Amino acid sequence: MTDSDSLADRWRAARPPMAGLHLDSAACSRQSLAVIDATARHARNEAELGGYVAAEAAAPVLDAGRVAFAALSGMPDAEVVYATGSLNALDLLLGSWPADRRTLACLPGEYGPNLAMMAAHGFDRRLLPTRDDDRLALDDAAFALESDPPDLVHLTAVASHSGVVQPLSMIAKLCAELGLPLVVDAAQALGQVDCAVGADVTYSSSRKWIAGPRGVGFLAVRRGLMERLRPRLPAPEWAPEMTVARQLEFGEANIAARVGFSVALGEHLAYGPQAVRARLAELGGISRAVLADVPGWAVVEEAEEPSAITTLAPADGADPQAVRSWLLAERRILTTFVGAQRAPLELTAPVLRISPHVDTTAEDLETFAEALIAATAATSP
């Protein structure tokens, strides 16, 4: 038995059986029984002990989640704030950014809702140069950032519409040399690629590769930068003194989901982040090899892209949305339809995306390839 087989077996055994074939981890992965039980147990504690008493008892678990996220982000000294997800984390950050310093640089493939959030908070957006494969052109970016520095660089490490992995460590080094704050959207990256590059801000959600509950995420900010933020809803004068981080996290919260996220992070660390990343990259390579010759589709990523995401662009008029629906209804195979609104500055037409987790087998991917051929034929006009 290989190490990847052992990891796959442990991952599979820790979860309820899937009613079909799950190839949608980049959207929402499968929680383990331990995560489900921890989330449910906290809800029961709220009923038996009282919500605030249960929350106080859960504080060590919640703090452990903060520490785990900071470690995975390469920001051990950062202040970590719970959010409801990645977009909420970005909202908290941008809404608190100094009002007179609102220019940012980002990639053309930036996530559509992120672009909307940037605009809503009045940020002037500049696009970073990219290569033909949509990866950051580092030398050109260095020239642009040095000659006309923005107030922050926002980098989505792995996009929502493709599995291309950006050179995260190199842009982190560049931004440090130029003295520019680097904000990393790790929603698709955390758990799939190495995010421990020491950015100034890292944020992510729970439900993707870490396999936690929906509706929870993290925002990690270096302490010096955190103190420069000005929350939209600062603590009133009559309230007890609160740190900036506490102000950002203040309000009603789903503590049960936060407990589940913390447990999921602990499981990820126990599996071994490097082993998980290696297995996911291996599955991405297998997926692209299996799908390379499927009629009517073109694989977007390079064969050796270190990502589990494989994106399929229709080559002969196939309808990704109709194919996704057919696969689910007829074969119980869960995939992702990606509309152009996911990356409105870069994506010109819809695509189909698969994102297997570590328990997926080569046979599963062969099954998907055969089903994709059938779905394409069944949905073609």
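**Buried charges, salt bridges and helix packing**

Modeller: Arginine 288 is placed in helix α12. Keep in mind throughout that this is a predicted model.

Biologist: Which side chain of opposite charge is nearest to arginine 288, and how far away is it?

Modeller: Arginine 288 is buried and has no salt bridge. A salt bridge needs a nitrogen and a carboxyl oxygen within 4 Å. The nearest side chain of opposite charge lies 4.2 Å away and belongs to glutamate 301.

Biologist: Which backbone oxygen does the side chain of arginine 288 reach at 2.6 Å?

Modeller: The side chain of arginine 288 has a polar atom 3.0 Å from the backbone oxygen of glutamate 305. Setting aside residues up to four places away in sequence, arginine 288 touches a set of residues including Glu304, Glu305 and Ser307. The backbone oxygen reached at 2.6 Å is that of serine 307.

Biologist: With which side chain does aspartate 185 make a polar contact of 2.9 Å?

Modeller: Aspartate 185 sits in strand β6, residues 182-185. Aspartate 185 is buried without a salt bridge, and the nearest side chain of opposite charge, lysine 208, is 8.3 Å away. Beyond its neighbours within four places in sequence, its contacts include His154, Thr156 and Tyr203. The polar contact of 2.9 Å is with the side chain of asparagine 114.

Biologist: How are α11 and α12 oriented to each other?

Modeller: Helix α11 covers residues 255-271 and helix α12 residues 273-291, and their axes come within 5 Å. His268, Leu269 and Tyr271 in α11 meet Pro273, Ala275 and Val276 in α12. The axes cross at roughly 80 degrees. Angles of 65 to 115 degrees count as roughly perpendicular, so α11 and α12 are roughly perpendicular.

Biologist: How many residues apart in sequence are the parts that arginine 232 and aspartate 91 tie together?

Modeller: Arginine 232 forms a salt bridge with aspartate 91, with the closest N and O atoms 3.2 Å apart. Arginine 232 lies in the loop between α9 and α10 and aspartate 91 in helix α5, so the parts tied together are 141 residues apart.

Biologist: About how many helical turns separate arginine 44 and glutamate 48?

Modeller: The two residues form a salt bridge, with their closest N and O atoms 2.9 Å apart. Arginine 44 is exposed, at 55% relative accessibility. Arginine 44 and glutamate 48 are 4 residues apart in helix α2, so the separation is about one helical turn.

Biologist: How many salt bridges does the structure hold?

Modeller: One of them joins aspartate 151 and arginine 101 at 3.7 Å, N to O. That pair links distant parts of the chain, 50 residues apart. Through shared partners, salt bridges also join Asp63, Arg66, Glu249 and Arg258 into one network. The structure holds 15 salt bridges.

Biologist: What is the phi of alanine 211?

Modeller: Most residues other than glycine have a negative phi. Alanine 211, in the loop between β7 and β8, is buried at 0% relative accessibility. Although alanine 211 is not a glycine, its phi is positive, at about 65 degrees.

Methods
Residues numbered from 1 in each chain as written. Predicted model: local features only at pLDDT ≥ 70, side-chain atom pairs only at ≥ 80, totals over all residues. Heavy atoms only, no water. Helix = DSSP H or I, 4+ residues; strand = E, 2+ residues; numbered from the N terminus. Buried < 20%, exposed > 50% of the residue type's maximum accessible area, 1.4 Å probe, protein only. Lys, Arg positive; Asp, Glu negative; His and termini not counted. Polar contact = N/O pair within 3.5 Å; in protein donor to acceptor, adjacent residues only side chain to side chain. Contact = heavy atoms within 4.5 Å. Axes fitted to C-alpha atoms, helices over the stretch in contact; angles between N-to-C directions. Parallel < 35°, antiparallel > 145°, perpendicular 65-115°, else oblique.
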